[in-house]
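Please look through the structure below with the report beside it, and take the sections in order. They begin with a pair of rings and then move on to the cores, the surface and the chain as a whole.

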Amino acid sequence: MSQPAAAAVAAEGAPAQRQGGGGIGQTIAGIVRMAVFWYFAMKFFSPKKPSNPNEPVVLLSNMFQKGEPLDMWLYLTENEKFNEFSNEEALYWHETNIPYATWSPASTRTRSLTYYPSEGLKNNGSLYAHVFFAKSGYPPDPSDPEYNPLSAFGRTHPVVVYLRKSKADKRKSLLDETPNKDEEPVIEVKEEGPVEYISYWKPNITINLVEDFTRYPHNNIPATVVGYLDVDPTSNSYYPTVFFNEFWLLRDKLIALNESVNEVPLHLELGPISMTKWQLYLQIEQSFQVHKSYGSMLEGETDEIKRVFLEGNPYLLGLTMCVSMLHSLFDFLAFKNDIQFWNKNKSMEGLSAKSVVLNFICQLVIFLYLLDNETSWMILASSAVGLCIEFWKIGKAMHVEIDRSGRIPMLRFRDRDSYAKNKTKEYDDMAMKYLTYLLLVIVAGFAIYSLKYEKHKSWYSWILSSLTSCVYMFGFIMMCPQLFINYKLKSVAHMPWRQMTYKFLNTIIDDLFAFVIKMPILHRLSVFRDDVIFLIYLYQRWKYPVDKKRVNEFGFGGEEEETQNSQQITQEGQNSQQITEEGESSSSGQEGDKKTN
């Protein structure tokens with residue numbers, strides 16, 4: 001389907017809500033990189049058939065000329081093999097004098113009609129579009145006396161596609177035990193057994209004639225072209241390539257066929273397509289399949305990516321892709337500096353150990369939520385790595401010991417001396433005391449609201465979704481203990497400012513995505529609450545001067561370094577003075593010896 005036609009169809013329905021965050025730009029960039037890599041890999045590293053050096057090279061050429069007028073016939077039948085050229089009822093579209101491989105208005109033709117499906121088609125039947133082209137004045141029917149096999153060609157394409165039936169929604173109201181009469185009963189779908197498929201009607205058929213006049217060696221045709229090339233061995237030439245373009249045909253535009261459907265719309269379009277654009281479509285589709293096979297792309301994500309191109313501003317898309325690359329760079333730098341800070345940190349003075357534990361709990365809740373919602377394994381792996389890093393940071397912030405006194409070994413957590421023997425622990429406990437009460441009220445209130453007004457698969461899913469929603473909406477509360485400690489200590493010298501700078505830049509990028517990308521309202525709120533926290537951090541950095549008595553992330557204070565430097569300078573001065581005195585004494589001794597002589 002062409003892009004303008006698809007945009008017109010897409011405008012009729014309501015846009016689907018995205019379930020992800022600002023990662024759509026990264027996914028698009030990955031698809032483009034994969035397509036480019038696949039293109040060059042197939043071009044330079046595809047296996048070539050061994051050729052005999054003594055055998056002459058035969059070049060295949062297009063048997064039609066550029067601009068040559070063609071006639072077109074389109075038949076719709078329920079049989080895959082077609083030979084009913086005399087059946088006028090099966091002929092739904094006929095065009096004449098179509099210039100081949102030119103970009104004039106006469107080379108583009110469109111038609112819209114209404115099709116009335118038969119009873120067999122309603123009950124999982126099939127329907128095929130048989131498209132035939134012939135030079136003007138020549139018939140496409142092989143039984144016609146004027147038929148010329150070198151002047152006519154065609155291709156068959158299914159109009160009905162069979163897709164896996166969507167799983168039944170297992171969510172239900174946990175408090176309402178009596179089912180609502182207006183709602184359909186929930187049918188449990190077994191994972192084992194035969195998979196049920198449903199037939200869907202394609203409302204758009206876009207036929208493209210590829211502008212290809214390349215002379216291919218008969219024993220070295222590119223792998224991306226050989227499946228579409230129709231070669232005539234008698235003339236060592238190939239027919240024009242007919243491409244049914246379904247790149248912009250989204251799944252939500254398909255129409256499910258059943259006994260209640262009496263008529264369906266059908267939009268037909270005919271036009272040329274360049275060789276480069278055709279190859280790009282093929283490479284991107286192959287890239288989608290590679291991502292799906294690796295588990296990095298779920299079912300339906302390809303349609304969401306295409307929807308961004310259909311409904312989005314091209315300048316905004318370019319800006320989004322550039323910003324996504326910067327987002328990935330800042331994510332990597334923040335991750336590197338976070339690991340470096342905690343790896344070299346020797347003192348917990350001024351740092352909130354309880355915030356580290358809360359971050360681990362939040363990361364665990366998000367990981368379990370993603371696991372319960374059948375997320376792709378790559379996102380799960382990324383979340384699992386983050387979970388392990390948060391647990392490792394607990395080991396750096398506290399003493400973690402294994403207690404083997406009981407039957408089951410247990411982990412024991414003990415505060416570090418640099419944290420427990422100063423005001424940091426007192427202020428941290430004071431902040432968490434009041435924040436705990438606030439968190440309990442918020443979590444309980446939101447959980448009760450979710451239980452009463454929303455649907456869930458089970459009580460376990462209700463607990464996870466409630467906790468995850470609270471993490472998204474009120475996650476900034478867990479960063480407040482560090483703000484309170486900074487306020488009480490009147491110092492921010494202990495903060496990892498390099499890592500926080502990268503995170504703040506990422507927050508600004510997330511703000512841009514919040515306006516550009518469709519995302520859940522909870523995720524959008526979580527983006528803007530980070531801005532508030534970082535602005536408070538910046539205010540504290542401006543308000544409180546650098547306290548040189550406070551130890552830095554390497555366990556050293558500014559005054560200690562100055563003392564060490566002054567001691568080093570004093571020691572070097574004493575050494576130089578001693579060397580000077582020794583030199584003067586030796587020279588005076590030598591002069592005395594000369595006078596004696």
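## A buried pair of rings

Tyr 115 and Trp 201 are both buried. In this predicted model, the two residues form a stacked aromatic pair, with 5.2 Å from centre to centre and 15° between the planes. Tyr 115 belongs to strand 4 whereas Trp 201 belongs to strand 8 (residues 197-201), so the pair ties together parts that are 86 residues apart in sequence.

## Other aromatic pairs

How many aromatic pairs does the count come to? The count comes to 23, and another of these pairs is made by Tyr 449 and Tyr 453, which are tilted, at 5.0 Å centre to centre and with 40° between the planes. Both of these tyrosines lie in helix 11 (residues 423-453), where they are four residues apart, or about one turn of the helix.

Tyr 449 counts as partly exposed because its relative accessibility is 46%, and exposed means over 50%. Tyr 453, at 55% relative accessibility, counts as exposed. Elsewhere, ring pairs link Phe 64, Tyr 100, Phe 133, Phe 153, Phe 213 and Tyr 239 into a cluster.

In soluble globular proteins, nonpolar side chains tend to be buried together. The largest nonpolar core here has 33 residues, and those that touch the most other members are Met 72, Leu 74, Phe 133, Phe 153, Trp 201, Ile 205 and Ile 207. Several strands each supply at least two residues of this core, among them strand 2 (69-77), strand 5 (128-135), strand 9 (204-211) and strand 15 (264-274).

Leaving aside its neighbours within four places in sequence, Ile 207 is in contact with residues that include Leu 74, Val 131, Phe 133, Val 242, Phe 244 and Leu 270. A second, separate core has 18 residues, including Phe 247, Leu 282, Ile 284 and Ile 305.

Which residues make a nonpolar surface patch of about 440 Å²? The patch is made by Phe 391, Val 400, Ile 402, Leu 411 and Phe 413. Strand 16 (398-403) and strand 17 (410-415) each supply at least two residues of the patch, and Ile 402 lies in strand 16.

## The chain as a whole

The protein chain has 16 helices and 17 strands, and 39% of its 597 residues count as buried. When contacts between residues at least 6 apart in sequence are considered, 78% of them join residues at least 24 apart. The chain exposes about 34900 Å², of which carbon and sulfur atoms supply 58%.

Conventions: Residues are numbered from 1 along each chain as its sequence is written. This is a predicted model: local features need pLDDT of at least 70, side-chain atom pairs count only at pLDDT 80 or more; totals for chains, interfaces and linings use all residues. Side-chain values use heavy atoms; hydrogens and water are left out. Buried means under 20% relative accessible area, exposed over 50%, partly exposed in between (1.4 Å probe, protein chains only). Contact means heavy atoms within 4.5 Å. Accessible areas come from the Shrake-Rupley method with a 1.4 Å probe; for residues, only the protein chains shown count as cover. Patches are made of residues with over 30% relative accessible area and no salt bridge: like charges are joined within 9 Å, nonpolar side chains (Val, Leu, Ile, Met, Phe, Trp, Tyr) within 5 Å. A salt bridge is a side-chain nitrogen of Lys or Arg within 4 Å of a carboxyl oxygen of Asp or Glu. A nonpolar core is a set of buried Ala, Val, Leu, Ile, Met, Phe, Trp, Tyr and Cys residues joined through side-chain atoms within 4.5 Å. Rings of Phe, Tyr and Trp (its six-membered ring) pair if their centres lie within 6.5 Å; planes under 30 degrees apart count as stacked, over 60 as edge-to-face and the rest as tilted.
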